[in-house]
Amino acid sequence: MSAADMDRALTRIAHEIVESHRGVEGLLLLGIPRRGTILARRLGERLARIDPGFDPAQAIGSLDITLYRDDLRAHGARTPEPTTIPGAGIDGATVVLVDDVLYSGRTVRAALDALQALGRPAVVRLAVLVDRGHRELPIRSDHVGKNLPTSRDERVSVLLEEIDGVPRSEEAVVIQRGRSVKSPAGER
């Protein structure tokens with residue numbers, strides 16, 4: 001996916017979210033660090049353009065899942081990222097978890113556990129930029145930018161300006177082939 005493809009996918013996902021939620025009232029976006037948080041902000045900008053009732057400052061947060069992961073022993077210590085929940089909290093809200101790549105489903109499972117520890121949303125949905133398949137848990141995304149069939153020995157990387165230092169016009173989704181990836185760190 002090129003930068004333009006990513007931009008179109010995020011715009012489509014934003015429209016899908018508004019349609020499926022029938023507006024933006026009670027809607028919260030929680031990005032899964034690191035790239036999911038950036039994508040949640042970008043989705044929030046689009047939601048605000050679609051429906052001026054969406055206030056990104058009050059409806060976007062970040063949900064760290066570090067302590068809820070089931071692979072900490074295998075991949076060593078990770079530095080937790082901050083969890084930021086919008087002021088109204090998550091109780092009774094429609095929470096859209098946002099991440100870059102959906103792979104085994106284990107990151108999403110950890111996010112659901114972390115979310116449960118914070119409160120009780122009315123509904124939880126999942127939006128991902130890329131779904132690459134190979135699920136190990138019965139999890140699927142409600143909003144997908146691109147289904148990208150891959151093999152287990154490939155790695156999908158999302159390059160973003162804020163993290164990777166690439167110019168916004170050169171952001172991309174890249175498949176690295178030939179890498180043996182059993183249980184990839186940082187890939188979901």
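Which residues on the other side of H5 are exposed? They are Gln-116 and Ala-117, exposed meaning over 50% relative accessible area and buried under 20% (1.4 Å probe, protein chains only).

This is a predicted model, in which local features need pLDDT of at least 70, side-chain atom pairs count only at pLDDT 80 or more, and totals for chains, interfaces and linings use all residues. Residues are numbered from 1 along each chain as its sequence is written, and side-chain values use heavy atoms, with hydrogens and water left out.

Helix H5 takes in residues 106–118; helices are DSSP runs of H or I with at least four residues, strands runs of E with at least two. The buried residues of H5 are Thr-107, Val-108, Ala-110, Ala-111, Ala-114 and Leu-115. They cover an arc of only 155° around the axis (directions from the helix axis to the C-beta atoms), which puts them on the same side of H5. Their cover includes strands S1 (27–31), S3 (94–102) and S4 (123–131), with contact meaning heavy atoms within 4.5 Å.

On a 1 Å grid over the protein atoms alone, a cavity is a set of points where a 1.4 Å probe fits but cannot get out; a pocket is an open set with protein on both sides within 12 Å along at least five of seven lines, and lining residues have an atom within 4 Å of a point. Volumes are the space filled by probe spheres set on the points, joined across faces, edges and corners.

| Space | Volume | Lining |
|---|---|---|
| Second largest pocket | about 180 Å³ | seven nonpolar, five polar, three charged residues |
| Largest cavity | about 30 Å³ | three nonpolar, four polar, one charged residue |

H1 (3–21) and S3 each supply at least two residues of the cavity lining.

Conventions:
The expected span of a helix is 1.5 Å times one less than its number of residues. Ala, Val, Leu, Ile, Met, Phe, Trp, Tyr, Cys and Pro count as nonpolar, Asp, Glu, Lys and Arg as charged, and the others, Gly among them, as polar.
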